[in-house]
Amino acid sequence: AFTTIRVEGDPPRPLFLDAHLNRLEESSSLLGMELIATKEQILERLTAFLSSLLLPAPFLLRICLFEDCLGFSSRTQNASRTNLTARILRYLRPVPEAKSTGDKELYERLSALDLTREDLLLVHPKDEVVLESATSNLVFAQGNHLIIPEQDILPGIVLGKLLEVIGRDFSLERTSPRLDELPTFDEIILCGSGREISS
């Protein structure tokens, strides 16, 4: 189980840290893993890890819970282009609601892409509905009407924060559009901790 956190500021501050730690616990539970570290232990080790880094913010931090160890890694945040392209992949994650390094087929395909330019658009292999991208949640815009997938996706932390505020100015529909409906949208917006917000 893992989570990827955006780190900003000086001193470096992980954004939405508590939500990420909650998701890490939830992903572990969904994957049937025994939790090997408490939130307090993770925070203690995270503080030590961040203080040892020479990497300037912004950067991405990954926390992984394996069966027998806790891992931290960091990498620079490569800015995405404002407009991305996507390759269609008919694929359903084994446990869509959990972030897991065990999803090897997907991550092998993703590693072959230049993520600053493109992403994989995950389409349900039977239902032909668009679920999410390999790195982000999706928001489909038709004027002030937003369609946001809710089933068979990872409920993103950034999307959750957006949903708290966008309902004031937009009408929302929580469903997955069909693949053949994509040309009818004005814009498809990607949002996630690593991707931030792109279209």
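These legends describe close-up views of a predicted model.

Residues are numbered from 1 along each chain as its sequence is written, and side-chain values use heavy atoms, with hydrogens and water left out. In this predicted model, local features need pLDDT of at least 70 and side-chain atom pairs count only at pLDDT 80 or more, while totals for chains, interfaces and linings use all residues.

**View 1**
Helices (H or I, at least four residues) and strands (E, at least two) are DSSP runs, numbered from the N terminus. An open sheet is formed by 4 strands in the order 2-1-3-4, with antiparallel pairing. Strand 2 and strand 4 are the edge strands, each with a single partner strand, so one side of each has no neighbour in the sheet. Two strands pair if DSSP finds at least two bridges between them. Between strand 1 (residues 2-8) and strand 3 there are 6 bridges, in the antiparallel sense. Arg6 has Leu60 of strand 3 as its bridge partner. Helix 1 lies across strand 1, strand 2 and strand 3, and runs at about 170° to strand 1. Axes are lines fitted to C-alpha atoms, for helices over the stretch in contact, and angles run from 0 to 180 degrees between N-to-C directions.

Helix 2 (residues 39-52) has 14 residues, which at 1.5 Å a residue should span 20 Å; its end C-alpha atoms are 20 Å apart, in agreement. The expected span is 1.5 Å times one less than the number of residues. Ile42, Leu46, Phe49 and Leu50 of helix 2 are buried. Seen down the axis of helix 2, the buried residues fall within an arc of 95°, so they line one face of the helix. The arc is that of the directions from the helix axis to the C-beta atoms. An α-helix has 3.6 residues a turn, so residues three or four places apart point the same way. Glu40, Glu44, Thr47 and Ser51 are exposed and sit on the face of helix 2 turned away from its buried side. Buried means under 20% relative accessible area, exposed over 50%, and partly exposed in between (1.4 Å probe, protein chains only). The cover over the buried residues of helix 2 includes strand 2 (13-14), helix 1 (17-30), strand 3 (59-65) and strand 4 (70-76). Contact means heavy atoms within 4.5 Å.

Strand 5 pairs with strand 6 (residues 118-123) in the parallel sense over 6 bridges. Ile88 has Leu121 of strand 6 as its bridge partner.

**View 1. Strand 6 from both sides.**
In strand 6, 6 of the 6 residues are buried, so the strand is largely enclosed by the rest of the structure. Glu118, Leu120 and Leu122 are buried on one side, and Asp119, Leu121 and Val123 on the other. In a regular strand the side chains alternate between the two faces of the sheet. Leu120 of strand 6 stands opposite Arg87.

**View 2. The surroundings of Arg93.**
Arg93 lies in the loop between strand 5 (85-90) and helix 3 (104-111). Arg93 is buried, with a relative accessible area of 10%. Its side chain makes a polar contact of 3.0 Å with the side chain of Glu132. A polar contact is a pair of N or O atoms within 3.5 Å; within protein, one must be able to donate a hydrogen and the other to accept it, and residues adjacent in sequence count only if both atoms are side-chain atoms. Not counting residues up to four places away in sequence, Arg93 touches Asp103, Leu106, Tyr107, Leu122, Glu132, Ser133 and Ala134.

A cis peptide bond with omega of about 5° joins Asp10 and Pro11; Pro11 is in the loop between strand 1 and strand 2. Ala57 and Pro58 are also joined by a cis peptide bond, with omega about 5°, and Pro58 lies in the loop between helix 2 and strand 3. Phe16, in the loop between strand 2 and helix 1, has a positive phi of about 55° although it is not a glycine. Phe16 is partly exposed, at 39% relative accessibility. Asp152 has a positive phi near 60° and is found in the loop between strand 9 (145-147) and helix 4 (157-166). At 27% relative accessibility, Asp152 is partly exposed.
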